[in-house]
Amino acid sequence: MDLGHSADTLALQARARSFAQEVARPRAAEIDASEQYPWDIVKALTDARFVGMTIPESLGGQGRSFLDAVLVIEEMAKCCTVTARIVVETNMGAISTVMAYGSAEQKQLAAALVLAGDKPAICITEPDAGSDALAMTTRADKRGDRYIVNGRKHWITGGGVSRLHLIFARVFDERGQELGVGGFLAVRQENEDSANGLRVTRREKTMGLRGMPEGELVFEDLEIPAGMALTPPSGLRRGFADLMTAYNSQRVGAGTVAMGIAAGALELATDWVKEREQFGRPIGEFQGLQWMLADMQTQLTASRLMLYQAARSRGEGTAFPDPMLAAQAKIFASEAAIRIVNDALQMFGARGYSRDLPLERMARDVRMFTIGGGTAQVLRTLVAARMLGWKLPQTRDGYVESARPLAAE
Ligand SMILES: Cc1cc2nc3c(=O)[nH]c(=O)nc-3n(C[C@H](O)[C@H](O)[C@H](O)COP(=O)(O)OP(=O)(O)OC[C@H]3O[C@@H](n4cnc5c(N)ncnc54)[C@H](O)[C@@H]3O)c2cc1C
């Protein structure tokens, strides 16, 4: 299908496909079994310049579009989910926030770390503030030329391996008055579990994506220079809503990982039904499986187009993809991917259930994407809020403009 990609973009996609098949795929099962963050893959991705692609050229990046990043992520996810997530978060997560809202100093710091292979961590979720992220209690108190941060975050991707952390916290001035929610950049020193009041206290035992640590982080009097406070242009009062806009890029990236896993599973299933024979013929000759394949392909194509459209919606003057398109694409792609991988596994019969094949790993990995980065339910609320033009407190993205007052206001 000709989607109008430029020759340069097609060359990038081809390079990503080769990398995924030759470097990432052979490591995928071992990364899952060992539950170790793949530093060798990080180095290879860095050498091949798949990290920091979207960082502007003036800061050492390639100034690539989100669509370019999405095409790379899709290829990686077909072969190794952890590799794909590293590409997401070095191109479309916290790094996009810093590139959009950061000072020159913050941008240089973040660009240098990411281009050297660091996968930044975004720290929003707390034990009592998940979907209701605004219930966060982590606080940053201004003291002279610095902020003192205290609190606890959990399910932080990259906890214990990431160096750059973007921490969301309630901001208080010297008099103890709350000003809103801001972002703070903290750098964990290399090869240390703690740095200046930032401690990784736990690693979650995850169902899938096992090579990517999910950590609990505790901040105890973490000192952050005032120059590392990241305030969105509209100020702290709307700080949370603006910072959460950054999640639109992460959502497109995460949805693409799900879609890529599904594409990988469908490729395997399509080959298998031509090869496997029962009742004296390839099982692909049975209409029951043909219609399953057709439904899988239809859902995959729709997911792909929605994600490409959402990625393309980031353009001149808009640092992030359109929130409606990003939310719809992630809802659709993540739910479709779970169904597609499940059906692919089914087509392999008992073999699909074996750890000798990648289907069971893909089924565990893909399950995450309706949860992390805003659940499918909460994203639906975001879509509905924008359709209705109402402020709804349950969007996890702060508030949209509306004439209808919040009950709580
Ligand atoms: C693998 C993984 C990686 C993650 N990485 C990060 C990270 O890097 N940084 C970070 O900050 N967070 C991260 N998270 C956390 C993630 O953002 C939260 O898990 C998510 O926002 C949901 O919060 P919760 O788990 O507390 O669920 P809850 O908010 O407790 O929700 C429980 C259930 O209730 C539903 N629900 C809640 N509110 C509503 C509502 N208003 N309407 C309808 N249904 C509702 C939810 O959809 C869900 O099904 C990660 C999570 C996972 C699983």
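Hi everyone, let me start with a pair of helices: the axes of α10 (residues 323–347) and α11 (residues 359–366) come within 9 Å and cross at roughly 165°. Axes here are lines fitted to C-alpha atoms, for helices over the stretch in contact, and angles run from 0 to 180 degrees between N-to-C directions. Helices (H or I, at least four residues) and strands (E, at least two) are DSSP runs, numbered from the N terminus.

Before going on, two words on the source. This is a predicted model, where local features need pLDDT of at least 70 and side-chain atom pairs count only at pLDDT 80 or more, while totals for chains, interfaces and linings use all residues. Residues are numbered from 1 along each chain as its sequence is written.

Back to our pair. α10 and α11 are therefore roughly antiparallel to each other; angles over 145 degrees count as that, under 35 as roughly parallel, 65 to 115 as roughly perpendicular and the rest as oblique. Their crossing is left-handed, meaning that the near helix is turned anticlockwise from the far one by less than a right angle, with clockwise being right-handed. On the α10 side you'll find A337, I338, V341, N342, A344 and L345, and they meet L359, E360, M362, A363 and V366 of α11. Contact means C-beta atoms, placed from the backbone, within 7 Å. The classes in this contact are nine nonpolar, one polar and one charged. For the classes, Ala, Val, Leu, Ile, Met, Phe, Trp, Tyr, Cys and Pro count as nonpolar, Asp, Glu, Lys and Arg as charged, and the others, Gly among them, as polar.

Which other helix packs on α11? That is α8 (residues 247–275), at an angle of about 160° and with the axes 10 Å apart. α8 and α11 are therefore roughly antiparallel too, and this crossing is left-handed. A258, I261, A262, G264, A265 and L268 of α8 face L359, M362, D365 and V366 of α11. By class we have eight nonpolar, one polar and one charged.

Now over to α1 (residues 7–34) and α3 (residues 66–79), whose axes come within 8 Å and cross at roughly 25°. That makes α1 roughly parallel to α3, and the crossing is right-handed. Among the α1 residues in this contact are L12, A16, R17 and R25, while α3 brings residues including D68, L71, E75 and K78.

Let's zoom out to domains. The assignment gives domain 1 (7–115), domain 2 (121–234) and domain 3 (242–395), with bounds from an automatic or database domain assignment. The C-alpha centres of domains 1 and 2 lie 23 Å apart, and their contact takes 22 residues from domain 1 and 20 residues from domain 2. On the domain 1 side, α1, α4 (81–89), α5 (94–101) and α6 (104–115) each supply at least two residues. α6 gives the most, with five residues.

Last stop, the ligand. How many residues surround it? There are 21, and the closest are I124, T125, G130, S131 and T375; a residue counts as near if its C-beta atom, placed from the backbone, lies within 6 Å. Elements giving two or more residues to this shell are β1 (121–123), β3 (146–157) and α12 (376–388). By class, the shell has nine nonpolar, 11 polar and one charged residues. And where does the ligand sit? Domain 2 and domain 3 both give residues to the shell, so the ligand lies between them.

Terms used
Contact = placed C-beta atoms within 7 Å.
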